[in-house]
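Please keep the sequence and the structure in view while reading.

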Amino acid sequence: MIPKIILGKGPEATRRTIAYLFGKGRANEHIDPHLVASWNDFAPDPGRSPRRDPKEVEAQLAAQLDQPVKMLGDKAPKNTMWHCPVRAAPEDPILTDDQWATIACRIVAAAGIAPAGDDEACRWVAVRHADDHIHIAATLVRQDGRRPQRDYDQRAVQREARQIEIDYGLRRLKPGDGTAAKRPTSKEHFKAKRLGQEAASRDVLRRRVRRAVAAAGDEAEFFALLEATGVTVRLKRGPSGDALGCNFALPGDTNDKGEPVFYSGSALAPDLSLPQIRRRLATTSPEPATVRPGNPWHQATAATERIPHDLTHGDDPTGQGQLVALGAVLDLLPVTAPAALKAELEQAAAVFERATRSRIAADLDSTRVLRRSVQAIWKDPARHGDGAGLAMLLDVALTAVAYAIHWHRTRQHAQQEAAAEQALVHLQVAYAQVAEPVLVGLAIRTPGAQTKRRYALHIQQAAPQHAERILNDRAWDALATVLAEAEAAGHNASSLLNQALSQRSLDDARSTARALTWRIRRLGQRHAPGPQAQAAKAGARSNPTTSATSSPKPQQAWRR
C-alpha cells in the first residue's frame, strides 16, 4: 500500500482538488467517485446526491472544508490543502468502502491531521473513484484555528501503511529510509500513456542522467553527454554566476503552455542534485596512473572482483562507495552490450539503482579504477570482441551483487536488499545468454587428452578442495583451452593457475571452472614473464588455498 502526500497552496487549492477527485479524470479513469469517509461522517457527497447538481455539491463540500482556513484570513498558511492518494497493489483483494473508510481514518490519525478522538482536528474527506485506491483531502487548519502537528507526516503514514498491510493481508512493501527516488505521479503516468511513451519522463530522465554521470570524466563532458541524448539542461545560478543547481527536461515533454517540463536533479533522485553529481565526477577527474594502460574489460573485472572483499572487510562508507561504483557499471553496460542483452541489462541497472543509496555516506576514493575502466569500455565498445569481456565482467558482477544483498540485509536496508535481489535475476539471464556461446567456442578448441591430464594434475595439486568440481564442470574444456592458449603465449600453466587461485577465494563462485576460465583468460593475455621471473615466482610461491582471502558467504540465491 502506497500513500503519497501532496501539498496544495492558494485560495483555490481545495476547490481544484475536489473538482479533480469528483471529475472524470485526465484519461476518463475515474469510475463512480464518492465519499467513503469524512471528518464528521455526514459531509455533502457529490457522488451520492442524484437530485442535486454535482457541481453545486462540490462547491458546498469545498466551502465546508475551507471554512477553518477562511476564518484565519491573511493569517492562513501558505499550504492549505493536504492531499494523500493511498493505493493498493494490483494483486491485493478489492477492499470494501467500509474498509477504505477505516484505512483513511488511520492514515489521517497517523499524519496528525485528525488524531483519534480530537473533535477540533482538521476537516477531511476520503474519496474513492477506483477499486484500488482512495484520495484523502484535508485542509491544513484545525477547527480551533491552530495548525496540525504533522511533523514527519510522510514517514508516519508510511509506517501506518506497513501495519495496514499486515492487518488486511495486503502485499507487504519494504520499509524505506528516505533515500528512494521519487516515483512518477499518476498525472505523469497518464501523460506518458497518452503520448505513447514506455515510461514516464521522470524515469527516462533519471536513467539518462545516471548514465551521463557514469560515463562523464568531468562536468563539461557530463553536460555534453546529456545534450547528445536530447536532454535539455537549465542551470540555476547564484549571484556570482556560478551554477548552484540544474534542471532537466525531455524534448516534447511540455505543459499546457507549450513550455518544457523541467525536473530538478533531486526530484529525480537524491544523488542527482548538482552538488552530488560534482562529488561523483571528482572521483573520475583525470589523474596520473589512475588506470594503467591495458584491456579495460580486464581492469573493470579485476576491480569488480574486489568488491566482495571491500563489502565484508571495509568500513560502511567504503562499502557504500563500492555499491555506487557497481551501479555505475550496470548503468553503462547496456550501451556496450549486444542488442539481445540490452533489455535485461537495462532492467538490472534500473532496479539496482535503489541499492546504490542509503543513509550511509559513500566513500568514493577507492572506486576510481573501476569507474575509469568502465568509462574506457563505454568509449570503445568495439573492444567487446567475442563477448568474453562482458561475460567475465558479468560473472564477477553476479558475485558482487550477491554480496550487496548480504551487506544491505545485515544493515536492515530492506528496500535496497530487495532491489539487489531483483537485479540479480536480470543479470543471471544476461550472463547465461552471453557466457554460453563464448564457453562453447572455447570448448571446441580444447587441447588433447594428454595436455588436459597434465592440467588436471596441476589443479589437483593446487586446489584439491575444488578439483572434483572443476574437472566435472561443463566449463572444464573451456578452462583447458585458455590454459593452452596461455602456454602458447609463453606463460607457465602451473604458475598461472596458482596466481588465479590466489586472487580471491572460489568458495562463493557460481561455477569454479567458469570463474577460473575468466581469470586465466585475463591473466593469460598479459605479457608473459621470462624464464627467470617464472622460476623466481615458482620458488617463492606459497600454498594458494591458504593464502587466498576468504570472505563470509552471502546469500546464495543467485546460484539458481
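At what angle do helix α3 and helix α4 pack, and how far apart are their axes?

## Packing of α3 and α4

The model is a predicted one. In it, helix α3 (residues 97-111) packs against helix α4 (residues 153-168) at an angle of about 145 degrees, and the two axes are 8 Å apart. The crossing of α3 and α4 is right-handed. On the α3 side, the contact is made by Gln99, Thr102, Ile103, Arg106, Ile107, Ala110 and Ala111. On the α4 side, Asp153, Ala156, Val157, Glu160, Gln163, Ile164, Asp167 and Tyr168 take part. Sorted by class, the contact of α3 with α4 has eight nonpolar, three polar and four charged residues.

## Packing of α16 and α19

The crossing of α16 and α19 is left-handed. Leu439, Leu442 and Ala443 of α16 meet Asp477, Ala478, Thr481 and Val482 of α19 in this contact. By class, the residues in the contact of α16 with α19 are five nonpolar, one polar and one charged.

## Overall dimensions and burial

The protein has 23 helices and nine strands. Its C-alpha trace spans about 95 × 55 × 40 Å along the principal axes. Of the 560 residues in the protein, 51% are buried. Among contacts with a separation of 6 or more, 74% are between residues 24 or more positions apart.

## Salt bridges between separate parts of the chain

How many salt bridges does the count come to? The count comes to 34 salt bridges. One of them joins the side chains of glutamate 91 and arginine 171, with an N to O distance of 3.5 Å. Glutamate 91 lies in the loop between β4 (79-87) and α3, and arginine 171 in the loop between α4 and α5 (186-194), so this pair ties together parts that are 80 residues apart in sequence. Glutamate 91 is exposed, with a relative accessible area of 51%, whereas arginine 171 is partly exposed at 43%.

Another salt bridge is formed by the side chains of aspartate 253 and lysine 191, 2.5 Å from N to O. This pair also links distant parts of the chain, with aspartate 253 in the loop between β8 (243-249) and β9 (263-264) and lysine 191 in helix α5, 62 residues apart. Are aspartate 253 and lysine 191 buried or exposed? Aspartate 253 is buried, with a relative accessible area of 2%. Lysine 191 is buried as well, with a value of 19%; that value counts as buried because the limit is under 20% relative accessible area.

Glutamate 165 and arginine 162 form a salt bridge whose closest N and O atoms are 2.8 Å apart. These two residues are three residues apart in helix α4 and are therefore separated by about one helical turn. Glutamate 165 counts as buried at 1% relative accessibility, and arginine 162 counts as buried at 15%.

Salt bridges also link several residues into a network. Its members are Arg210, Asp271, Asp331, Glu353 and Arg357.

## The aromatic pair

A search of the whole structure finds one aromatic pair. Phenylalanine 222 and phenylalanine 223 form this pair, with 5.1 Å centre to centre and 55 degrees between the planes. The arrangement of phenylalanine 222 and phenylalanine 223 is tilted. Both phenylalanine 222 and phenylalanine 223 are buried.

## The covered helix α10

How many of the residues of helix α10 (residues 296-305) are buried? Ten of its ten residues are buried. They are Pro296, Trp297, His298, Gln299, Ala300, Thr301, Ala302, Ala303, Thr304 and Glu305.

The buried residues of α10 pack against several other helices. These are α11 (307-313), α12 (316-336), α14 (368-379), α15 (388-410), α20 (493-503) and α21 (512-524).

Technical notes: Residues numbered from 1 in each chain as written. Predicted model: local features only at pLDDT ≥ 70, side-chain atom pairs only at ≥ 80, totals over all residues. Heavy atoms only, no water. Axes fitted to C-alpha atoms, helices over the stretch in contact; angles between N-to-C directions. Helix = DSSP H or I, 4+ residues; strand = E, 2+ residues; numbered from the N terminus. Left-handed = near helix turned anticlockwise from the far one by under 90°. Contact = heavy atoms within 4.5 Å. Nonpolar A, V, L, I, M, F, W, Y, C, P; charged D, E, K, R; others polar. Salt bridge = Lys/Arg side-chain N within 4 Å of Asp/Glu carboxyl O. Buried < 20%, exposed > 50% of the residue type's maximum accessible area, 1.4 Å probe, protein only. Phe/Tyr/Trp six-rings, centres within 6.5 Å; stacked < 30°, edge-to-face > 60°.
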